[in-house]
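Have the picture open as you read.

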Amino acid sequence: MPPTDKSEATDIAQSGRSAANRPNGDRQSDDRYEAQRIEAKWSQRWQSDPQLYAAEPHSANKKYYVLEMLPYPSGALHMGHVRNYSIGDALARYMWMNRYNVLHPMGWDSFGLPAENAAIQNNTPPRQWTLGNIAKMKAQMKRLGFAYDWSREVTTCFPEYYRWNQWFFLKLYEKGLAYRKKSKVNWCPQCATVLANEQVLPNGCCWRHEDTPVEQRELEQWFLRITNYADELLRDLEKLPGWPEKVVTMQRNWIGRSEGALVEFKLDYSQPHHGFGPAGASIKVFTTRIDTIYGATSIQLAPEHPIVNDLAAGNPALRAKVDQLIAEQRRAKEKGDIGEIEKHGVPTGRNAINPFNGEKIPIWVANYILMDYGTGAIMSVPAHDDRDYDFAKKYKLEIRLVILPLTEGEETMAEPVLPFTAHDGMTINSGPFSGLSSAEAIKKMTEHAEKGGFGKATVTYRLKDWGISRQRYWGTPIPMLYCEKDGIVAVPEKDLPVILPENIEITLAGGSPLGRVPAFVNVTCPKCGGPVRRETDTMDTFVDSSWYFYRYTDAHNDRAPFDSKIVQYWFPIDQYIGGVEHAILHLIYSRFWTKFMRDMGLVSNDEPVERLFTQGMVIKDGAKMSKSLGNIVSPDEMVARYGADAARLYSLFAAPPDRDLDWQDSGIEGIQRFLGRVYRFVFRNAPRNSEPEKTASVEYTFDKKELSPSARAIQRKLHQTIRRVTDDFQGRWHFNTCISAIMELVNVLYASEDAISQGAVPRAFLIEVQRDLVLLLAPFAPYLAHELWEMLGQKEALLKAPWPKFDPELAKEEELEIPVQINGKLRGKVVVPAGATEELVIERALANEKVRSATASKQIIKKIYVPGKLLNLVVK
RNA sequence: GCCGGGAUGGCGAAAUUGGCAGACGCAGCGGACUUAAAAUCCGCAGGGGCCAAAAGCCCUGUGGGGGUUCGAUUCCCCCUCCCGGCACCA
């Protein structure tokens, strides 16, 4: 069996690489970069100083609040977290080095369904499971070296925190901003709970169970009136120039403001009928195009419109058809392509009266009309609306032209191709309103409707009130009571917090687990002293994350959610960093909460976040990391193999932070090599013990202007690098190119090693260069930076050391290579001194052999010189 | 369908204001060191052609087509594909 030999040889070769077999480990100059050793050493030192990253309560420096979105404690960090926190940590460290008073906290969004699901699966209480996960993830964060002020840690599932959720709820209730209503709600059978509208995926499925279609149920729910702030939430988007345009646009569309008019169409009672609403009943229609009302040839109702029930009562054929339309609509919603639904409708046999001309038009029920937008009813104007046109064609309804396009030569107005939907036309066939521009017609016709008492100008929003009730255990109990005598009673402030009971049985069965805890449910009414039932629903966890960042500023306050004065100092958040998946829900709720707190007088800022940065996803092999695809990269494994610095640096290097990052294990190896190169260079060139006086000195002991060419090359590259890295921190944040720049600097240092060994580079200068190199690296690879800082004999704390200053004089090139183009094509290059005149460049270019051969026998008709960049000769 | 973001070597990417396309890194190839390998250090490297080969030279190239310009990855128009968001929104 010959293969035996081979495998033994392999074993030996492999074991030769392990630390145990290294020759004694005492080679006097072991210049290997050992991330684990270095990181263990500094990790220990950092953890022994809890004040290390603490923000100062009173500081002469300017404040800077940098925040990364707090994680849900699922049990382990993933690469997306590492990327998110590496960005934030780099910024925090950079700001410290720029003498800011930095607030950089971290916490846990620790209420939520996964804890309950885990409880059911593993029979572990949610609290225990959650706290265990927090401990694990906190250890991971510390191992990764993130500079958080842990003294401000916020854990949302602790009563110290959620009591303030309850307190805010009482305030919202007092102000009429929290209300209860019975309504159709999204019900996820898998979660056995209600979802906010915003938590339903476009395909009609639950956001946590992407394959489970959301059903509709009627339940009594608590809602927050976010719509009261719809207009301000929209308007203030203009105050957010530091937000990505993308996110602003998404929020604008989400709020979905549209201006129009409500118009009432009375039911026609002159015809024989059976089964309908009260006499005089009317159908309210919302339209943004009241100028087309003379072209309305039918009314279309959503199949779930209340009046449809009246009209269908005693009309089984209609009822059956309507039920079919409801089913079609639901199916389309669940499939997520309501926009593609094949339009169906059914005439009710009844008419409505157009209040503008008294015309009787038929009432239909149609599957493309949604009950939850506007009034659930439209006037159908086939000539001027795409959908109405399709529908009218299909069912052969009348199509009546009432808007003409404006043509340039005033008089001739051609018949437009239908449907004609442009907003800048002119009315015809519109009675007294004919001959007006659309804009004028809208104004006059709305006024007319208001005077006549059958309509009014209205603004509608797509945004809906925020349903916060959840029939779940692991959340903030809603502090309300139901008394037979006194009705709905708020828990008095002094009785807060309403503590979430522990040691209770959790099952997937519907209804709230809290309802099965009699000691929790049955209490005494604070008003009448009689028996009351406690509300058993808990709050949506988005309540927790809507204001948590305020709590960080005053995390241990037990008399208030926070001290307003402290908040005033720290807010708004200077930089918030997180995934774009939170662009709508979390970020719109947070904005709403801030505005509500401002109206309460608790805070003075209108918006919580000054600048927002949304990072791209971390993907692997072109797909999102997921268990089912088996392409998950574990941060623990990366840290164990390559070290925290390498993992962090690679997550910043592989792509610009705002773009998706395709993780490649081979890429991180290159980063590890680079860190080793830095380590070895400093190891070789750091001051020896025999030259201690230079180690502490920050003074140049050499003449900046008299450096040798090779030293000057280093100096130039250094200052170019400082400029590039510093510029990117000012907002562009392309840390991938910052790191490239630092690599280039290190490459220049390596290329200079001959000159260094020949003494052509002054020692003091070289130490100064290494010092700056380490400072440049510090935001991205803190462990190695600290190790080298110490190796360089620096006594000052690294984060207290000032960020290196860029000197434009020193960054300047002495000579420039100017490309010479002939007719836009590169034909040669000339070298000139920096700042050379155009004449000199042209002179040299014309002397250039390649240029001469390319221009021979041709005439130069134009010379374009871009100073310092390029020369283009146009020839014929 | 609408809104937003993309598409650049074998791969991740760079080019910040319209000015040398491919910096930096990965993978690859060659060399040095080594008995050998690993590690390390140095070098080559978009594609094609002329050439035995090299040097050198030429052509071509940033999803496709057109335009503006002395000059376009960058600006304009049209198209294709990918990602994200939204949607009979009246």
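How many disulfides does a search of the whole structure find? The count is 0. A disulfide is a covalent bond between the sulfur atoms of two cysteines, and here it is taken as a pair of cysteine sulfur atoms within 2.5 Å. The sulfur of Cys483 has its closest cysteine sulfur in Cys528, 3.6 Å away, so that's too far for a bond. Cys483 is buried, at 7% relative accessible area, and Cys157 is buried too, at 4%. (Buried means under 20% relative accessible area, exposed over 50%, partly exposed in between, with a 1.4 Å probe and protein chains only.)

A word on the ground rules: this is a predicted model, where local features need pLDDT of at least 70 and side-chain atom pairs count only at pLDDT 80 or more, while totals for chains, interfaces and linings use all residues. Residues are numbered from 1 along each chain as its sequence is written, and side-chain values use heavy atoms, leaving out hydrogens and water.

Now for the strands (DSSP runs of E, at least two residues, numbered from the N terminus; helices are runs of H or I, at least four). Strand E19, residues 480–483, runs antiparallel to strand E20, residues 487–490, with 4 bridges joining them; strands pair if DSSP finds at least two bridges between them. Cys483 turns up again here, with Gly487 of E20 as its bridge partner. A hairpin of 3 residues links E19 to E20. E19 also pairs with E22, residues 531–534, antiparallel over 3 bridges, and there Tyr482 is partnered with Arg533.

Notes:
Chains lettered and ligands numbered in written order.
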